[in-house]
Amino acid sequence: MTTPHVVVVMGVAGTGKTTIGPLLASRFGVPYAEADDFHPESNIAKMSAGTPLTDEDRQPWLDAIGAWAHGRAGLGGVVSCSALKRSYRDRLRAAAPDIVFVHLTGERALIEDRMAHRQGHFMPTALLDSQFATLQPLQADERGVAVDVTGTPDEITDRAVSALGGLAR
């Protein structure tokens with residue numbers, strides 16, 4: 001499957017956005033962008049200190065991701081972005097109306113275990129509860145799919161590709 005859309009790989013921290021995103025991009029033959037690279041330094045400092053970001057903190061970050069997605073409209077691309085709230089996804093869609101979401105979902109215990117074992121990431125496991133509390137899953141009127149994160153990265157990617165293929169039909 002190829003996609004002219006920009007796919008946003010979303011979900012709470014630790015679901016594998018940074019792993020699955022590049023795998024999806026490779027399968028589709030499109031560029032990948034890592035949402036963490038769009039954060040201003042002030043946001044990274046807050047999260048590194050264990051302080052959750054406010055909606056105000058996230059606005060320039062979401063706008064930068066939206067601008068990237070807008071620039072890829074009709075060309076395709078994959079970007080990771082937690083996109084936990086409907087309002088965040090609405091902001092992304094305002095910039096790039098044709099984006100499609102892949103919501104990576106899973107049990108809290110599995111996600112916490114994965115977070116505890118990853119290296120070199122600024123998001124501490126202490127913020128996982130705030131991520132789940134903030135999460136508003138995709139709604140019926142939002143173009144996207146939910147994909148379970150159990151299994152290997154290749155298995156998760158296969159499920160995502162299959163689910164996206166179902167959206168295209």
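K85 forms a salt bridge with D55, with 3.1 Å between the closest N and O atoms. By salt bridge I mean a side-chain nitrogen of Lys or Arg within 4 Å of a carboxyl oxygen of Asp or Glu. This pair links distant parts of the chain, 30 residues apart: K85 lies in the loop between β3 (77-80) and α4 (86-95), and D55 in helix α3 (residues 55-71). Helices (H or I, at least four residues) and strands (E, at least two) are DSSP runs, numbered from the N terminus.

Before I go on, this is a predicted model, where local features need pLDDT of at least 70, side-chain atom pairs count only at pLDDT 80 or more, and totals for chains, interfaces and linings use all residues. Residues are numbered from 1 along each chain as its sequence is written, and side-chain values use heavy atoms, leaving out hydrogens and water.

Back to the pair. K85 is partly exposed, at a relative accessible area of 21%, and D55 is partly exposed too, at 34%. On the cut-offs: buried is under 20% relative accessible area, exposed is over 50%, and partly exposed is in between, with a 1.4 Å probe and protein chains only.

How many salt bridges are there by this rule? The count comes to 11. One of them joins the side chains of R93 and E142, at 3.0 Å from N to O. R93 sits in helix α4 and E142 in the loop between α6 (128-134) and β5 (144-148), 49 residues apart. Are these two buried or exposed? R93 is buried at 18%, and E142 is buried at 5%. Salt bridges with shared partners join R86, R89, D90, R93, D141 and E142 into one network.

Another salt bridge is between R27 and D158, at 2.7 Å from N to O. R27 is partly exposed at 39%, as is D158 at 42%.

Last, a residue without such a partner. E34 is in the loop between β2 (32-33) and α2 (41-48). E34 is buried yet has no salt bridge, and the nearest side chain of opposite charge, K17, is 7.5 Å away. For charge, Lys and Arg count as positive, Asp and Glu as negative, and His and the chain ends are not counted. What does the side chain of E34 reach? It reaches the backbone nitrogen of D36, at 3.0 Å.

Note on methods. A polar contact is a pair of N or O atoms within 3.5 Å; within protein, one must be able to donate a hydrogen and the other to accept it, and residues adjacent in sequence count only if both atoms are side-chain atoms.
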